[in-house]
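These are my working notes from going through the two chains, entry by entry. I begin with the overall layout and then turn to single elements and residues.

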Amino acid sequence: MPSQLDPPTNTTSVDGQETPLVVALLGNPNTGKSTLFTALAGIPTRVGNYPGVTVEEKRGQFTHQSSRIELIDLPGIYSLIPRSPDEDVAMAVLEGRQEGSPKIDCVVVLADATSLERNCYLVSQALALGLPVVVALTLVDLAADRGISVDHATLASRLGCPVIPVIAPQRDGLAPLADAIVATTKQSPPAAPTIHPEQIDDPNGHSPAALEAMARYRWIEQLLDGVVKQTPTTRWSLEERIDAVLTHRVAGTFVFIAVMLTVFSSIFWAAAPIMDLFSGAVDSVAGFLQARLPEGAVRSLLVDGVVAGVGGVVVFLPQIAMLFLFVSILEGCGYLARAAYLMDRLLVGVGLSGRSFIPLLSSFACAIPGIMATRTIENRRDRLVTILVAPLMSCSARLPVYVLLTAAFVPNTPVAGLPWLRLQAVVLASMYALGVVVAAIVAAILSRTVFRGPPQPFVMELPGWRWPQLMVVLERVREACWSFLSAAGTLIVAVSIVVWALASYPYSIEAIDAEVAREKVSLTERVESLADDTSAAAADLREELTDQLTLLNTEEGLEAARRGAASRQSFLGRAGRLIEPVVRPLGWDWRIGCAAIASFPAREVVLGTLGVIYNLGEVDPGEEEGSNMLIRRLRAATWDGSNRPVFTLPVALSIMVFFALCAQCASTLVVIGKETGSWVWPLVTFSYMTGLAWIGALLTYQLGTALL
Amino acid sequence: MTSLDRVPVGFSARVTRVVGDDPATLRLLEMGLTPGLTLRVAGMAPLGDPIELELRGYRLSIRRREAARIEVEVVETAQVALAGV
């Protein structure tokens, strides 16, 4: 909470008449805008998208000397000449023509003191808006370390507007900034700078816009003459040295790989204990309800529908938080841009740019923020291709599917005699690699066919090295978790309940008992038909069938058979049987088909659905490693009418490959629709991904069966 | 007179002309790559592209393709500050 400023209030002012001052925060990317926003307004009161576009709208409120101030955070941009959605929205908000946005009373333009010339470009454009302007001179501490000093008083008098140095992380200069905001709204706006494009000596016939850009820089050079002083220091050379190592051809690549490996393994290993804690808590709630509630539809709904669904949501939070923690730290210290720089050449090869790296990397957490992050890609073609392949990156929703199936069905044996390289890890890494490779192929094909055209310009700032701001990092983590819980979470719980209902109804105990009785008869008949056969195989089969028959006569066995019959007779069972011919070549039984259908809204639902569908009774409880309820259920699953296990290694791999490539995520498809402004692209995405997933799963199962 | 993509890493050059008149040109100008500016080629990505420039107190990366549109004259040789790295 602000210390020098009054805390934000959510109530209207005492007299009930005063409307808040609306202040827009405008600035280049990497100027500390998020830090300043957090320092001024704390947690945003509103985070969402502007209508019709997926440019983030972030608003907050604070009170300064009885003035209520509404802060609107505009996207980070370099110019007010609109050529990207971010620039469009910023300009529309500033000109008061953005739907749902209030009229702006004052523009705070952030200017990074370390690169004031470039930052003043946006300042000069903002001065022409006819709105009161306050320049917040940010990163003055970093500038001082580099030996840069800015005479802000002279700058203010030359610009005709207040220039307030701020060190947002230390809350320095916030009160003077707020004072200046309140004061300028009572004065007339500053005069627009006089730019003289006609004075530019131009033998090359540039466009008026280009001449204006040149003239603006000429104006800036005069503006800053004598204002910015540079004294040599050692700090800059330290920064240069860091940069030289991290963008070095060899060292930089190694650091990059090390950083990415650290991030990846941290999500995987460090998040595990917290996830265990969460799932343990969910299990005990389920156990508590199981023990206290009477058997019946309500208990079933709560335990198998609600608790299972909630458990399936919260278990991802540690991973999401962990990934966003790393991504925000990397972004905050300036490494994400370096990563784009290092990776650009690689992505150009498949028709993308280094800018696609960040959206694609984010897609490893979730395709939704990844797809939204594509708005930083100026070019529509690059952006569309990135959007179309982003869902192929293995997101956190797939990870539980991979982890569960790997842990349950892939032996944890050393690979190639290396004790530290385990088969489970290799399989898991392969799933991620599969997504990347397929994405590269799809992107290359798309950019050479549907989206043919010349390569796009790549012009990217490499921000200075700095310490990431804790509050900004935490806010991003909080927001990521919250948006997951509120948007994806509710959907997943809802789907879990719907799936429970579809898998539980219609429920007729007569029909179920009749089916169990039929099963018994069929088993008896098969045992009798084998009586004359003296071969060893027949003897084995006879023994198996007799065992099943014996089991059916026990109370537990009868209960398991009843549950099986109930799910076979449910709506879901019928749907699964319908598509069985389609999934049979993948090695799947109709139950897996059901789970795949039910997982359309969100991939992770597949686990919950499998749990509900394979309600096959308990297996050996003494087995320590099979303590996870679902793993036990899956391992106990057999093909209908036999003891042959459904889940073998090839089947588990086939399911993993399917989920690596499929588009079973309604939220992603909705976001693609919104982002591209057309329902064609979600349809294209769903069709091509489902097709690839089916082919991939088919090849995996058929090859796996042939080889293993 | 040469183009920026041919300036070796560590060398400084003065921009004489930005060729072309499309959104990419405008973006380069907006980022401060205006005629008359002296900049330094600070580095090159591991795969040879893009390159890293130091200008107006900040670092900018552009592809060789864009760099080829920027006509420059080399003004001085490398500072040897990075010799130890």
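Which pattern does chain B follow when it is read along the sequence? I read it as β-β-α-β-β-β-α-β, that is, two helices and six strands, where helices (H or I, at least four residues) and strands (E, at least two) are DSSP runs numbered from the N terminus.

**Entry 1: conventions.** I note that this is a predicted model, in which local features need pLDDT of at least 70, side-chain atom pairs count only at pLDDT 80 or more, and totals for chains, interfaces and linings use all residues. Residues are numbered from 1 along each chain as its sequence is written, while chains are lettered from A and ligands numbered from 1 in the order in which they are written.

**Entry 2: confidence.** I looked up pLDDT, the predictor's confidence in each residue from 0 to 100, and found that chain A averages 81, with 86% of the residues scoring at least 70. Two stretches of chain A stay under 50: residues 6-17 and residues 615-627. For contacts I use C-beta atoms, placed from the backbone, that lie within 7 Å; beyond four places in sequence, the model has 12 contacts for residues 6-17 and 19 for residues 615-627. Where pLDDT is low, the predicted coordinates should not be read in detail.

Entry 3: Chain A has 29 helices and 12 strands. I call a residue buried if 20 or more other C-beta atoms lie within 10 Å of its own, exposed if 12 or fewer, and partly exposed in between, with C-beta atoms placed from the backbone. By that rule 45% of the 708 residues of chain A count as buried, and 49% of the 85 residues in chain B. Among contacts with a separation of 6 or more, residues 24 or more positions apart account for 70% in chain A and for 56% in chain B.

**Entry 4: where the chains meet.** I find that the contact takes 38 residues from chain A and 35 residues from chain B. On the side of chain A, the elements that each supply at least two residues are helices H3 (116-127), H7 (208-224), H8 (235-246), H9 (251-292) and H12 (335-348), together with strand E12 (459-462). That side divides into 19 nonpolar, 10 polar and nine charged residues, counting Ala, Val, Leu, Ile, Met, Phe, Trp, Tyr, Cys and Pro as nonpolar, Asp, Glu, Lys and Arg as charged, and the others, Gly among them, as polar. Two strands pair if DSSP finds at least two bridges between them; here four bridges join E12(A) to strand E5 (residues 58-62) of chain B in the antiparallel sense, and A:Val459 has B:Ile62 as its bridge partner.

**Entry 5: a hairpin in chain A.** Strands E3 (residues 56-64) and E4 (residues 67-73) of chain A run antiparallel and are joined by seven bridges, with A:Lys58 opposite A:Asp73. Two residues lie between the strands of this hairpin, and A:Gln65 in the turn has a positive phi of about 45°. I also checked A:Arg68, which is in E4(A) and is partly exposed because it has 18 other C-beta atoms within 10 Å.

**Entry 6: a covered strand.** In strand E6 (residues 133-138) of chain A, six of its six residues are buried. A:Val133, A:Val135 and A:Leu137 lie on one side, and A:Val134, A:Ala136 and A:Thr138 on the other. In a regular strand the side chains alternate between the two faces of the sheet. Strand E5 (residues 106-112) of chain A pairs with E6(A) in the parallel sense over six bridges, and A:Ala111 has A:Leu137 as its partner.

Entry 7: Is A:Ile167 buried or exposed? It is buried, because 20 other C-beta atoms lie within 10 Å. A:Ile167 is found in the loop between strand E8 (163-165) and helix H6 (174-184) of chain A. Not counting residues up to four places away in sequence, A:Ile167 touches A:Val140, A:Asp141, A:Asp172 and A:Gly173.
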